[in-house]
Amino acid sequence: MKKNLYIPSLEEFKLHANDSNIIPVYREILADTETPVSAFLKIDDGRDAFLLESVEGGEKWGRYSLLGTRPRFIVKGAAAGVEIIEDGQTRALAGNPIDAVRALMKGMAAHATTGIARFYGGAIGYIGYDMIRHIERLPDKKPAELGLPEMYLLFTDTFLVFDNVEHKVQIISNVYLKDGDDADAAYKKAVEKIDSLAETLKKPYCPAKKPNPASPYTGEIKGVMPPSGVIPPQSNFE
């Protein structure tokens, strides 16, 4: 019997859809000649992306490395609420940013898949120190000089998990299902995303060549004769 390349199979995927609306589909490939950094350089398209390394005990390199790009949606938080950016569209939610994120994630019921890395989806990013003012009463006397969001979270459906022990990569695509979605079409789309990343990893990394800035020099070399009666300086070395 031929082993299924993608886990879970389509039949198992449909069963999971009865009690979950986020179902991870994944495929394993060998990573003998790949590193997390080289893979990141291949998949990074200059937009929102991440590479997370794990360290144990402050000195020992951890087993898993996580990387991905092109988030499904982005959550940017500020003092007055959050902005959710999805498919190029932005919608605002007023109120406590932490409550807004909690409400957003409340409706996400992810299937607990075995054989997969412990972290296979969720919010990746940062929550700044100033978010504490939505939890405790603290003075806010200094202006926000950096102009950065107080919260910036990426929800990426498809990403890579490097297993640095077994030298394998799990390419994971989390399928977000809504009422009325076609399970067969959703599964097929996840497989296409996985295969696309697998093909990207097979290709050699070729950094994009940037055009040289306009140069004022024409390339013509001209000699300059010293004025009459002036002796050019001599070298101190013979």
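Visitor: Where is the place of Thr113?

Guide: Thr113 sits in the loop between helix 3 and strand 7 (123–127). One thing to keep in mind as we walk around: this is a predicted model.

Visitor: Why does Thr113 count as buried?

Guide: Buried means under 20% relative accessible area. Thr113 has 15% relative accessibility, so Thr113 counts as buried. Not counting residues up to four places away in sequence, Thr113 touches Pro24, Tyr26 and Tyr120.

Visitor: Let's go to Pro24, then. What makes Pro24 count as buried?

Guide: The cut-off is again under 20%, and Pro24 is at 0% relative accessibility, so Pro24 counts as buried. Pro24 lies in strand 1 (residues 22–30).

Visitor: Which residues is Pro24 in contact with, leaving aside its neighbours within four places in sequence?

Guide: Among them are Ile7, Pro8, His111, Thr113 and Ile172. There is also a pairing across the sequence here: the C-alpha atoms of Pro24 and Ala112 are separated by 8.6 Å, although the two residues are 88 residues apart along the chain.

Visitor: You mentioned Pro8. What kind of peptide bond joins Ile7 and Pro8?

Guide: A cis peptide bond, with omega at about 0 degrees. Pro8 itself is found in the segment before helix 1 (10–16).

Visitor: Could we step back? How many helices and strands are there in the protein?

Guide: The protein has 4 helices and 10 strands. Along the sequence they follow the pattern α-β-α-β-β-β-β-β-α-β-β-β-β-α. Of the 238 residues in the protein, buried residues make up 32%.

Visitor: Which residues of helix 2 are buried?

Guide: In helix 2, Pro36, Ala39, Phe40, Lys42 and Ile43 are buried.

Visitor: Why do you say that the buried residues of helix 2 line one face of the helix?

Guide: Look down the axis of helix 2: its buried residues fall within an arc of 160 degrees, so they line one face. Those buried residues pack against strand 2 (49–56), strand 3, strand 9 (158–163) and helix 4.

Visitor: What makes helix 2 and helix 4 roughly perpendicular to each other?

Guide: Helix 2 (residues 36–43) and helix 4 (residues 183–202) pack at an angle of about 115 degrees, with their axes 9 Å apart. Angles of 65 to 115 degrees count as roughly perpendicular. The two helices are therefore roughly perpendicular to each other.

Visitor: Which residues make the contact?

Guide: Helix 2 brings Ala39, Lys42 and Ile43, and helix 4 brings Leu197, Thr200 and Leu201. By class, this contact has 4 nonpolar, 1 polar and 1 charged residues. Helix 2 passes helix 4 in a right-handed crossing.

Visitor: What makes Glu34 count as buried?

Guide: With the cut-off at under 20%, Glu34 counts as buried because its relative accessibility is 16%. Glu34 lies in the loop between strand 1 and helix 2. Leaving aside its neighbours within four places in sequence, Glu34 is in contact with Ala39, Lys42, Phe162 and Leu201. Glu34 and Phe162 are 128 residues apart in sequence and 9.5 Å apart in space, C-alpha to C-alpha.

Visitor: On to helix 3. How do you know that its buried residues are on the same side?

Guide: The buried ones in helix 3 (residues 97–106) are Pro97, Ala100 and Val101. They cover an arc of only 95 degrees around the axis, which puts them on the same side of helix 3. These buried residues pack against strand 4 (73–78), strand 5 (81–86) and strand 8 (151–155).

Visitor: Which residues are exposed on the other side of helix 3?

Guide: There you find Arg102, Ala103 and Lys106.

Visitor: Why is Arg70 called exposed?

Guide: Exposed means over 50%. Arg70 has a relative accessible area of 56%, so Arg70 is exposed. Arg70 is found in the loop between strand 3 (60–69) and strand 4. Its phi is near 50 degrees, a positive value in a residue other than glycine.

Visitor: And what makes Asp87 exposed?

Guide: The relative accessible area of Asp87 is 70%, and the cut-off is over 50%, so Asp87 is exposed. The place of Asp87 is in the loop between strand 5 and strand 6 (89–94). Phi of Asp87 is near 55 degrees, a positive value in a residue other than glycine.

Note on methods: Residues are numbered from 1 along each chain as its sequence is written. This is a predicted model: local features need pLDDT of at least 70, side-chain atom pairs count only at pLDDT 80 or more; totals for chains, interfaces and linings use all residues. Side-chain values use heavy atoms; hydrogens and water are left out. Axes are lines fitted to C-alpha atoms, for helices over the stretch in contact, and angles run from 0 to 180 degrees between N-to-C directions. Angles under 35 degrees count as roughly parallel, over 145 as roughly antiparallel, 65 to 115 as roughly perpendicular and the rest as oblique. A crossing is left-handed if the near helix is turned anticlockwise from the far one by less than a right angle, and right-handed if clockwise. Contact means heavy atoms within 4.5 Å. Ala, Val, Leu, Ile, Met, Phe, Trp, Tyr, Cys and Pro count as nonpolar, Asp, Glu, Lys and Arg as charged, and the others, Gly among them, as polar. Buried means under 20% relative accessible area, exposed over 50%, partly exposed in between (1.4 Å probe, protein chains only). The arc is that of the directions from the helix axis to the C-beta atoms.
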